Amino acid sequence: MEGGSSRIESVLNALRETGEPAVAPFVTVGFPDVEASIDVVQSIVEMGADMVELGVPFSDPLAEGPTIQMTSQHALERGVTLNTCLGAARELRARGVEAPLILMGYYNPFLRRGPETFAEDAAEAGVDGLIVPDLPAEESDGFRAVCKSRGLSLIPLLAPTSTAERIAHACARADGFIYCVGLTGVTGARDALSEGVRGLVGRIREHTELPILVGFGISRREHVETVSGFADGVMVGSALLDEVGRAAEGEAAERAGAFVAGLKGRTG
C-alpha cells in the first residue's frame, strides 16, 4: 500500500483518467463518539468516498459553521484530543482502509506537540496529508518542509478573496491538491453553489496543474455534478455530519454510507 502524498496523488490521478469527480467527506473524530466516528469513516469509504478528512476537534474553529462547531464541541466535551485522532487513523489502517486520510485541524495543537514530532506521529499513524485553515500560506514554509520530509501533503486553501499573488504563492508550493473554498463565509450545507466558484477555479488553474477540489456548501449530488464540470471533486462536511446527527443510535455508519453513495451517484 502506498503511503503519504503518493496515495493522494494516485487516487486523484486515477479519477482524472476516468473523468469521475472525487468525493472527499469530512468526519469529526469523536462525533457521535470515537468508535462510531471510526465506523462512519469505514462505511463511507466502502460506499465510495475517495478520500476522508479526519476533523481534529478544536475550541475555536474559526472557519466552521454551526454543524462542525457543534460536533467539535461535542467531541471536546468527551475528551477527544489530537492523540485520539491519530489513534483513529491507526485503527482505520488496521481495519484495512486504504483511502487517503487527511487531518483537518487548527495549527495550535500541531505546534504545541512540536512540528517534527507531530509530522512523524501523523505519518506513523497512516495520515497522508494535512489541512490547516489558520496557517497562512505565507507563513507555512517551515511546517511544509517538515511535513514533506515525512511524506505528508500540506494542502493549501484558496478562497474567493485570495489575490492573484496569494494564489500564485500557494500553488507554487503545493502538492496533493488545492482546496478551493467555494464561498465567502464559514462551512455549512447550502441549497445552491456560489456563482463565483467557477471563476475562482479558473484563476487557480492559471497557476497549477494539481487537482482542485471545491468545499464549503456542498450538500447533494447535483452540486457534485455541477462542480465536476470545472473542478476535480468536492469536499463535503456539514451535510454529512447533519446526516450523522440525525441517525438513531447505532445507525450513524449506515446512514453516512448511504449519503455518500448518493453523492457518488450510486443509489438505486
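Predicted model: local features only at pLDDT ≥ 70, side-chain atom pairs only at ≥ 80, totals over all residues.
Residues are numbered from 1 along each chain as its sequence is written. Local features need pLDDT of at least 70, side-chain atom pairs count only at pLDDT 80 or more, totals for chains, interfaces and linings use all residues, and side-chain values use heavy atoms, with hydrogens and water left out.

A search of the whole structure returns five aromatic pairs (rings of Phe, Tyr and Trp, the last by its six-membered ring, with centres within 6.5 Å; planes under 30 degrees apart count as stacked, over 60 as edge-to-face and the rest as tilted). Phe-58 and Tyr-106 are stacked, at 5.4 Å centre to centre and 15° between the planes. This pair joins distant parts of the chain, 48 residues apart. Phe-58 lies in the loop between strand 2 (52-55) and helix 3 (66-77). Tyr-106 lies in the loop between strand 3 (101-104) and helix 5 (107-113). Helices (H or I, at least four residues) and strands (E, at least two) are DSSP runs, numbered from the N terminus. Both Phe-58 and Tyr-106 are buried (under 20% relative accessible area, 1.4 Å probe, protein chains only; exposed is over 50%, partly exposed in between).

Phe-110 and Phe-118 also stack, at 4.2 Å centre to centre and 15° between the planes. Phe-110 counts as buried because its relative accessibility is 0%. Phe-118 is buried too, with a relative accessible area of 0%. Tyr-107, Phe-110, Phe-118 and Phe-143 form one aromatic cluster.

Helix 2 (residues 34-46) contacts helix 4 (residues 82-94) through Val-34, Ile-38, Val-41 and Gln-42 of helix 2 and Thr-84, Ala-88, Glu-91 and Leu-92 of helix 4 (heavy atoms within 4.5 Å).

Note on methods: Axes fitted to C-alpha atoms, helices over the stretch in contact; angles between N-to-C directions.
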